[in-house]
Amino acid sequence: MTPQEDRQFPVALAAAMAVRLDCIGDDGVDFEPYESFLNSDDTTDWFRAWTGNGDLDGDAFRVFGQDGTGGYAAFWLVHPGRELAEQPVVFLGSEGETGVVARNLGAFLWLLANGLGPCEAATPYAPEPDWTPQINDHLVAIAHQHAPDHRASAPTIITEATQEFPDFDDTIMRLCR
């Protein structure tokens, strides 16, 4: 994957993000999807600001949404030569939170279907004390269509992602100044 590649969403992500756009404010999930990936200049500006490191670029990320505070959800292009759908989904919060929330796009579709967004998956606290995730039937249908072999509960998806990439936080923090 190169920085010059097309910034349009894969079909499965586009379908899921269209559903999420219709859910903003209705389900308690703090996730505002974009209609396409953040461009490379904006991604670099964000990553430099987030890390305080002006020597970096944002080429390792494809940002596709944010939470209400400005934390970003992105694909982390950590697997050279693999397709975007095979890259992990990460969250970098506005207050320094980090987390790998899904091992790949298929797992991320099921995370969304199970009623969680990237922020909820990456942080140990719920948005509201009485909030519980709600399964979204439209997102379940998209996950069934595009990723039937990735079906899992949200806790399983998060645990598998965390186990596969245990050093994500340390990797990102080493880049910070």
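Which residues point one way from S4, and which the other way? Val89 and Phe91 point one way from S4, Val90 and Leu92 point the other way, and all are buried. Here, buried means under 20% relative accessible area, exposed means over 50%, and partly exposed lies in between, as computed with a 1.4 Å probe on protein chains only. Strands are DSSP runs of E with at least two residues, helices are runs of H or I with at least four, and both are numbered from the N terminus.

The model is predicted: local features need pLDDT of at least 70, side-chain atom pairs count only at pLDDT 80 or more, and totals for chains, interfaces and linings use all residues. Residues are numbered from 1 along each chain as its sequence is written, and side-chain values use heavy atoms, with hydrogens and water left out.

The strands may be followed in order. Two strands pair if DSSP finds at least two bridges between them. Strand S2 (residues 61-66) is joined to S3 by five bridges in the antiparallel sense, and within this pairing Gly65 lies opposite Ala73. The two strands form a hairpin with five residues between them, and Gly70 in the turn has a positive phi of about 105°.

Strand S3 (residues 72-76) is largely enclosed by the rest of the structure, because five of its five residues are buried. Tyr72, Ala74 and Trp76 point one way from S3, while Ala73 and Phe75 point the other way.

On the pairing with S4 (residues 89-92), S3 is again antiparallel, here over four bridges. Phe75 has Val89 of S4 as its bridge partner. Strand S4 is in turn joined by four bridges to S5 (residues 98-102), and these two strands run antiparallel. In this pairing Leu92 stands opposite Thr98. S4 and S5 form a hairpin with five residues between the strands, in which Gly96 takes a positive phi near 90°.

Two threonines in helices come next. Thr44 belongs to helix H2 (residues 40-51). It counts as buried because its relative accessibility is 11%. Leaving aside residues up to four places away in sequence, Thr44 touches Leu56, Asp57 and Gly58, where contact means heavy atoms within 4.5 Å.

Thr156 is located in helix H6 (residues 154-164). With a relative accessible area of 34%, Thr156 is partly exposed. Its side chain makes a polar contact with the side chain of Ser153 at 2.9 Å. A polar contact is a pair of N or O atoms within 3.5 Å; within protein, one must be able to donate a hydrogen and the other to accept it, and residues adjacent in sequence count only if both atoms are side-chain atoms. The C-alpha atoms of Thr156 and Gly106 are separated by 13 Å, and these residues are 50 residues apart along the chain.

Finally, there is the lining of the largest cavity. Arg20, Asp27, Val29, Leu112, Gly115, Leu116, Gln134, Asn136 and Leu139 line this cavity. A cavity is a set of points, on a 1 Å grid over the protein atoms alone, where a 1.4 Å probe fits but cannot get out, and lining residues have an atom within 4 Å of a point.

Notes: 1 Å grid on protein atoms, 1.4 Å probe; cavity = no way out; pocket = protein on both sides within 12 Å on 5 of 7 lines; lining within 4 Å.
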